[in-house]
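Hi,

Here is the structure I promised to pass on. Have a look at it first, and my notes on what I found follow below.

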Amino acid sequence: MRKIYFLLLITPIFSLGQQKSELVLGINGGGYFANKNTALIYGGNYTNYNVFSIFSNSINKPTFDQFFQYPYSIYDIPNDIKYSIGTEIGFHIGKQKRKTKYYIDFNFADINVQDFITIAIENQSVTQSLEPEYFPVSINGKEKRNMINLGITKTIYEESNLSILTPIFLQLLEMRLKENYIVVNNQQYNIIHNSSIQNNQSQVNSPGGYGLGFGSGLIFNYFINKDLSIDFGYHIQYSKTNFSEQLNEWGVQQSLFARVIVNGSKYLSNLNN
């Protein structure tokens with residue numbers, strides 16, 4: 001995937017830099033809103049070595065016994081787990097010609113999951129309650145998504161320094177699970193994600209894959225001068241998040257971003273001089 005990023009980055013800069021057309025370069029940051037279709041992978045019971053395995057592990061059990069002090073068991077696990085709003089950064093290369101721009105985006109999103117499992121502690125003799133004490137244990141997940149958008153924008157409104165544009169793009173998406181763990185008494189216990197189809201040992205606990213998608217949105221461009229402008233944009237994309245044959249859902253993802261754009265042709269000319 002890194003080779004693809006490198007080739008797609010160098011090719012348009014080299015080719016457009018040799019042309020008389022206007023090359024624009026941009027850097028952006030914002031928020032990434034992932035749907036919950038694949039968040040269940042972080043729920044604690046998706047893999048063979050899950051939260052039940054952690055609690056029944058003979059190495060962990062003495063530590064848990066000391067912490068909970070009374071008989072305990074897993075009472076509940078998340079059944080509607082969702083992603084938090086993620087951060088997205090990226091850069092943008094485009095060829096501007098009047099009211100049309102052909103472009104390529106490279107965006108990188110970090111998204112997290114945070115929920116809890118419920119432990120039932122059988123300490124009724126102390127609490128004088130008919131029910132056990134329910135204790136929340138944090139469960140967390142971290143995921144990386146890399147996206148390449150190939151698209152075109154059209155100016156649909158223009159007045160003074162403000163323009164409104166609509167993009168249409170195809171998307172190549174890579175997603176990778178980075179971490180999944182629970183925390184008991186400030187100690188992290190990893191949930192192991194193992195796959196028999198993964199030959200690369202370094203990816204045994206980092207399942208992931210590639211997906212395709214397409215999208216559109218709305219961009220407000222504020223023109224500062226001929227060498228600098230700012231975009232405020234919204235993207236909605238319908239994409240396939242392909243973790244495995246069993247988890248390869250299609251769904252809607254969204255992004256909000258701000259982007260600073262400079263005149264790339266002038267920038268490259270100054271570098272050459």
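The chain folds into five helices and ten strands; these are DSSP runs numbered from the N terminus, with helices being H or I over at least four residues and strands being E over at least two. Bear in mind that this is a predicted model, where local features need pLDDT of at least 70 and side-chain atom pairs count only at pLDDT 80 or more, while totals for chains, interfaces and linings use all residues. Residues are numbered from 1 along each chain as its sequence is written, and side-chain values use heavy atoms, leaving out hydrogens and water.

Of the 273 residues, 44% count as buried (under 20% relative accessible area with a 1.4 Å probe, protein chains only; exposed is over 50%, and partly exposed lies in between). Take the contacts (heavy atoms within 4.5 Å) between residues at least 6 apart in sequence: 70% of them join residues at least 24 apart.

Now for the end of the strand list. Strand 8 (residues 208-225) pairs with strand 9 (residues 228-242) in the antiparallel sense over twelve bridges; pairing takes at least two bridges found by DSSP. A two-residue hairpin joins them, and N225 sits opposite L228 of strand 9. Strand 9 also runs antiparallel to strand 10 (residues 248-263), with 15 bridges and a hairpin of five residues between them. Here I230 has V260 in strand 10 as its bridge partner.

D105, D231 and R259 are linked in a network of them. R259 meets D105 at 3.6 Å, N to O; that pair connects strand 10 with strand 4 (residues 100-121), 154 residues apart. R259 also bridges to D231, with the closest N and O atoms 3.3 Å apart; these two are 28 residues apart, in strands 10 and 9. R259 counts as buried because its relative accessibility is 3%, and D105 is buried as well.

Cheers

Notes:
A salt bridge is a side-chain nitrogen of Lys or Arg within 4 Å of a carboxyl oxygen of Asp or Glu.
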